[in-house]
Amino acid sequence: MKSNILIVDDEKDIRLSITGLLEDENYEVRAVKNSDEALDAISKRLPDLILLDIWLENSKLDGMGLLKEICNKFLGIPCIMISGHGNIDVAVSAIRNGASDFIEKPFEAERLLITLERVLELSKLKKEHKELWARAGGELELIGKSSHIKKIKSLITKIAPTRSRVFIIGKYGTGKETLARLIHHNSERSNGPFISLNAKILSSDLLEEELFGEEDDLGRIVNIGILEQANKGTLFIDEVADLTSEAQAFFVKALQDNTFKRKNGKIRINVDLRVISSTSIDLNKKILNKEFSEDLYYRLNVIPIEMPSLSSRKEDIPILINYFLNKASNFSGGKKITIDQQALVALQDFEWHGNVRQLKNTIERILIMIDDISLNEITYDMLPKDLLNLEVTNSDEYDKDYLYSLNLKEARNIFEHDYIMKNLNRFNGNISKTANFIGMERSAFHRKLKNMKQLKKQK
């Protein structure tokens, strides 16, 4: 499909020459002379890219004013600014206001075409990443009201506007990429690309080309590397511990001053990007064993954030379950699906070693396995058997036959102890929340716990 380009320039000769050049390259072109015509053209059909002159004469808005209007009203349209009076200050100002690039008149046709091609490719990659993330069920919010989640949300507000690198630590499935995307989404780079790099899939044979891109013998771009794809946006390095030694060395060099050379390239390329990285393992051990670069570690670990495991914020489990159920109802014609209290308690009691990802997959699994499409409530008997902890695995727990052999008082004491300890664990040891859930006064519940401890000592 042809890319649609909108040219905004007050000089007729410039409009005609660029139009002819781009049409010869099989682009679909529209050209206008002022801000009113530009906004009207954009409203009628969103262009894939806008070539915008900074100094628009006889126009309600100059190029910079029009750029701001476009960025506010039409998110995601890349703009290349063009000017015959270019200087560094003007270029920097244009980029800060949302331009994808800046090119000075008079420009060579080849340079314009290369710049245009690169910006279009980056815009396409950005859209593809957003679509893939959405199709994969990726979230763009942290679900929960626990103190852990509140603290992280507060951190996002503080660190997102900065340029600092962020280092996210957390077990698999805790939502490290969601956090990275939220930081990007709430930053000044939100209109730029978010490039997610899985460290495991970097090819050792094509490492330089993948990271930095490549030029041919004539200096033409063969492919755009990962660092350049993330220019003016965020690069997220997922599971950074999996980077090979060679890849670590490349990153150390590139992150030193945010410049690099493409493979076979003659000049250094400047990039403006923020790096967010994540790990699920302790990198200190790898550093001690000389398996991970200490230099790279300190370059990445400027602001560390730890994503909590689901077992440390069990009060968020019901909120997450209902969130996933509501989301599922949006994809099932709006049919409301709920969960009964017994099933909810069982899921809250389970140790989610796979964290939020495992919980989400489990809810999807339960919904898929429901045979009766008329059912609108998940009950305890619908839960997968591997989640119910039916078998006795703890020496402090007793089977039914043993309980039946005791008198009522002894059996009741055992059940009461087990019931209270499970609910304490469910609410992460929070006495007030546990007392409220089981229907006891806080002071009475405190006394009950004290008596249980004394009885255990006597035994």
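Which residues have the most contacts inside the largest nonpolar core? In this predicted model, they are L235, L243 and F251, and the core to which they belong has 33 residues. At least two residues each are supplied to this core by β7, α8, α9, β10, α10, α11 and α12, and the largest share, six residues, comes from α10, which spans 245-257.

Let me stay with F251 for a moment. If we leave aside its neighbours within four places in sequence, F251 is in contact with L197, L211, L227, L235, I237, L243 and L296. As a general remark, nonpolar side chains in soluble globular proteins tend to be buried together.

There is also a second, separate core, made of 24 residues, and among them are L39, A41, C79 and M81.

I turn now to strand β3, residues 49-53, which is mostly covered, with five of its five residues buried. From this strand L49, L51 and D53 point one way, whereas I50 and L52 point the other way. On the pairing side, β3 is joined in the parallel sense to strand β1, residues 4-8, over four bridges, and here L6 stands opposite I50. Strand β4, residues 79-83, likewise pairs with β3 in the parallel sense over four bridges, with I80 of β4 standing opposite L51.

Finally, the surface. F415, Y419 and F437 make a nonpolar patch of about 300 Å². Of these, F437 lies in helix α18, residues 431-438, and F437 counts as partly exposed because its relative accessibility is 32%, which falls between the 20% limit for buried and the 50% limit for exposed.

Methods:
Residues numbered from 1 in each chain as written. Predicted model: local features only at pLDDT ≥ 70, side-chain atom pairs only at ≥ 80, totals over all residues. Heavy atoms only, no water. Patch = residues over 30% accessible without salt bridge, like charges linked within 9 Å, V, L, I, M, F, W, Y side chains within 5 Å. Areas by Shrake-Rupley, 256 points an atom, 1.4 Å probe, with all protein chains shown as cover. Salt bridge = Lys/Arg side-chain N within 4 Å of Asp/Glu carboxyl O. Buried < 20%, exposed > 50% of the residue type's maximum accessible area, 1.4 Å probe, protein only. Pairing = 2+ DSSP bridges. Core = buried A, V, L, I, M, F, W, Y, C linked by side-chain atoms within 4.5 Å. Contact = heavy atoms within 4.5 Å.
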